[in-house]
Amino acid sequence: MVLFFVAGLLLALYGQVRAQNLASAQISVISERLAQGAMHSWEYGARAEALLELNAPTYSVVSFNAVPPPHSIPSNITSALGEVFTIAHNIVVARSLSNITGPQPLIADTSAGDPASSGVSVLLANWTGQGALDGLDYAGAAQDQLHYLFQNVSKTKDGAFSHRVDQLQLWSDSVYMVPPFLAYYGVLTQNQTILGEAYTQIRLYRKYLRDTAAGNLWKHIQLGQTGIDDGHWSTGNAWAAAGMIRVLGTIQRSPFANSFKSQQNDLAHWVHEIHGAMYSHINSNGLFYNYADNNTTFYDASSTALLASTVYRLSLLANIHTYIPLAEQVRKALLASAGTIVSIATTSTMPAPSTTSTALAGTGTTVSGLLHFTPEGWLTPVVNPYSYGAQGSDSPEAQAFILELQAAWRDWVADGAQGANSAREARPHVLMIGVILVLPWLMMVIT
């Protein structure tokens with residue numbers, strides 16, 4: 001009887017961490033909207049990354065699995081990887097039809113950086129032998145993308161790749177697009193120089209975009225003749241943190257981890273630095289403004305989801321749990337039921353409020369009953385992904401971000417939910433001590 005009581009007590013505590021979760025039907029609908037909406041170079045890259053993290057973690061660089069991954073695909077994830085390979089296949093087929101040879105982006109684009117975001121899926125298709133099945137030259141396509149970056153894309157004097165084709169300009173978005181491709185390419189080809197370049201690009205982008213006068217928030221766009229944006233775009237800060245996480249994971253799980261220890265420490269510190277800058281501006285409704293420190297801009301769930309995912313990933317990769325309590329509050333706010341009045345504590349040391357409602361299951365091709373999702377399954381409110389100063393409606397990248405959040409949270413829970421929050425985290429320890437002290441006495445009474 002006592003043992004049942006203790007087991008029930010501990011399960012109840014664990015249930016507090018697991019509360020407020022997306023149902024599988026909801027995840028399916030969100031994934032369908034992502035597949036439906038992704039039509040631009042960076043959207044293909046974001047979708048592929050979300051699918052890997054969510055459905056095929058064995059092949060994700062942010063999991064606990066080795067990089068490079070297995071050449072031979074386990075039968076239980078063949079279908080999951082199939083969607084990623086379809087993305088790579090379609091990109092390489094379209095590229096082949098252009099009849100252009102030599103250095104070139106995977107996708108023709110006005111952005112010099114965005115096409116590289118699909119590079120990981122192309123590299124993975126080559127690594128697992130997809131070319132032998134469909135006759136496509138994935139290795140050649142990835143190599144041409146790499147050479148395009150080094151040979152064709154304009155650079156700053158210290159070597160930062162431009163994010164734009166028409167002018168030398170740096171966008172915070174680029175940290176998610178280019179460095180993860182470079183890191184993965186470097187590990188798969190055993191080229192430490194290219195792997196190191198992934199870190200160097202991040203270091204240079206941070207040098208140009210970090211705004212120390214604004215508490216280390218990153219500016220969105222710097223350099224160039226037109227289109228400079230000195231504002232601290234929330235999605236840009238989240239893009240940057242997520243790109244760093246992917247490079248950190250790639251290095252950490254690679255055979256070269258011991259040779260890049262200082263770089264790993266830097267990357268973890270820089271992600272934490274963005275967390276500190278951004279979460280000082282989180283609102284009580286659990287969302288960031290589109291520009292984090294500008295309360296005249298609209299609320300944005302898109303950046304909120306992606307940045308929260310990086311908090312869980314940093315906990316897993318670097319054992320840094322500072323903002324886990326806030327991330328948990330934010331996640332619950334994003335998944336709150338319709339009609340819920342959300343009010344979160346906006347300091348990382350405050351305990352998360354108790355869950356008052358559980359996400360309702362979606363049915364068919366809809367998501368019903370969620371505060372921050374339309375009935376069709378689109379995250380809301382979100383920035384227009386094609387006009388960063390305007391509010392949007394259907395955002396494919398936002399769908400990818402919520403899936404990355406779901407995957408990151410799932411992996412964090414599976415790892416023991418480290419740092420859940422200081423108050424609630426203390427309770428299991430206190431209760432366990434009590435159980436240890438009381439259990440012998442109870443056993444004596446029973447017997």
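Residues are classed by relative accessible area as buried (under 20%), exposed (over 50%) or partly exposed (in between), using a 1.4 Å probe and protein chains only. At 29% relative accessibility, D158 therefore counts as partly exposed, whereas K207, at 55%, is exposed. The model is predicted, and local features need pLDDT of at least 70, side-chain atom pairs count only at pLDDT 80 or more, and totals for chains, interfaces and linings use all residues. Residues are numbered from 1 along each chain as its sequence is written, and side-chain values use heavy atoms, with hydrogens and water left out.

The structure holds twelve salt bridges, each defined as a side-chain nitrogen of Lys or Arg within 4 Å of a carboxyl oxygen of Asp or Glu. K207 and D158 form one of them, at 2.6 Å from N to O. This pair links distant parts of the chain, 49 residues apart: K207 lies in helix α10 (residues 192-209) and D158 in the loop between α7 (138-152) and β1 (170-171). Helices (H or I, at least four residues) and strands (E, at least two) are DSSP runs numbered from the N terminus.

In a further salt bridge, the closest N and O atoms of R313 and E53 are 3.6 Å apart. R313 in helix α13 (residues 301-318) and E53 in helix α3 (residues 41-55) are separated by 260 residues, and both are buried. Together with R410 and D411, E53 and R313 are linked in a network of salt bridges. E328 and R331 also pair, at 2.9 Å from N to O; both lie in helix α14 (residues 324-334), three residues apart.
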